[in-house]
Every structure is written in structure tokens, then in C-alpha cells.
Amino acid sequence: EQSLKATALSRQLVVDALDELNLTYVPSHGNFIFHKVPSTVKAYQDNMKQAHIFVGREFPPATGWSRLTLGTPAEMTAFIAVLKEFRAKGLV
């Protein structure tokens with residue numbers, strides 16, 4: 001029950017951030033979210049990795065979409081902070 005609640009909170013945090021940033025995503029009921037990235041997924045992965053955030057890969061034929069596995073609410077808060085920094089820099 002605790003794990004389900006934490007995943008639901010993590011999912012809502014990410015969805016709220018994606019909505020705020022007007023980034024397209026596929027609604028999810030699982031422990032991951034597919035979201036569209038404006039650059040290549042490889043560039044997005046590399047930029048995130050430099051910020052110590054590891055995001056998922058593409059799943060062809062769904063190119064241009066990253067699979068983000070949901071972590072703890074604290075981990076997702078860190079991801080969101082980096083995502084917003086990237087928006088400020090024009091990277092997403």
C-alpha cells in the first residue's frame with residue numbers, strides 16, 4: 001500500500017510538471033510515463049546524465065519519446081527541478 005501511494009504521488013508530480021511545461025505525454029497508470037522530447041532522445045539522455053539523472057530510452061517505433069521510470073517522490077522532485085532548468089536553457 002505504501003509503495004502504491006508513493007508511485008501515485010511520483011506520477012502526479014511528474015504529470016503536473018509536464019503539464020506546466022506543456023510537454024506531451026501518454027497518460028499512465030503504471031510506474032513509468034512516456035513523454036515527448038523536443039530534441040533527440042539520445043541528446044536528452046546525455047544532458048540528463050550530465051545532471052546525474054538517468055532517463056529511459058526510446059522504444060521504436062515510438063521515436064522521439066522517452067520512457068521515464070518513476071522513482072520515489074524525492075527522486076522525481078529532483079528530476080523535475082532538472083527538467084525545469086533544461087526548459088530555462090531551451091533544452092526541452
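Reader: Which backbone atom lies 3.2 Å from a polar atom of the side chain of Ser66?
Author: In this predicted model, the backbone oxygen of Gly56 lies at that distance of 3.2 Å from a polar atom in the Ser66 side chain.

Reader: And is Ser66 buried or exposed?
Author: Ser66 counts as buried, because its relative accessibility is 0% and the cut-off for buried is under 20%. Ser66 belongs to strand β2, which covers residues 65-69.

Reader: What else is Ser66 in contact with?
Author: Leaving aside neighbours within four places in sequence, the contacts of Ser66 include Ile33, Phe34, His35 and Val37, and also Val41, Tyr44 and Val55. Gly56 and Arg57 are among the contacts as well.

Reader: Switching topic, which residues of helix α3 are buried?
Author: The buried residues of α3 are Met76, Phe79, Ile80, Val82, Leu83 and Phe86. Looking down the helix axis, these buried residues fall within an arc of 165 degrees, so they line one face of α3.

Reader: What does that face pack against, and what is on the other side?
Author: The buried residues of α3 pack against α1 (2-20), β1 (32-36), α2 (41-50) and β2, the strand that holds Ser66. On the other side of α3, Ala74 and Ala88 are exposed.

Reader: How far apart are the end C-alpha atoms of α3, and what span should its 16 residues have?
Author: The end C-alpha atoms are 23 Å apart, which agrees with the 22 Å that the 16 residues (73-88) should span at 1.5 Å a residue. After α3 comes Gly90, whose phi is positive, near 80 degrees.

Reader: Okay, how many salt bridges are there?
Author: The count comes to three. One of them joins Lys84 and Glu20, with their closest N and O atoms 3.2 Å apart. That pair links distant parts of the chain, since Lys84 sits in helix α3 and Glu20 in helix α1, 64 residues apart.

Note on methods
Residues numbered from 1 in each chain as written. Predicted model: local features only at pLDDT ≥ 70, side-chain atom pairs only at ≥ 80, totals over all residues. Heavy atoms only, no water. Helix = DSSP H or I, 4+ residues; strand = E, 2+ residues; numbered from the N terminus. Buried < 20%, exposed > 50% of the residue type's maximum accessible area, 1.4 Å probe, protein only. Contact = heavy atoms within 4.5 Å. Polar contact = N/O pair within 3.5 Å; in protein donor to acceptor, adjacent residues only side chain to side chain. Expected span 1.5 Å × (residues − 1). Arc of directions from axis to C-beta. Salt bridge = Lys/Arg side-chain N within 4 Å of Asp/Glu carboxyl O.
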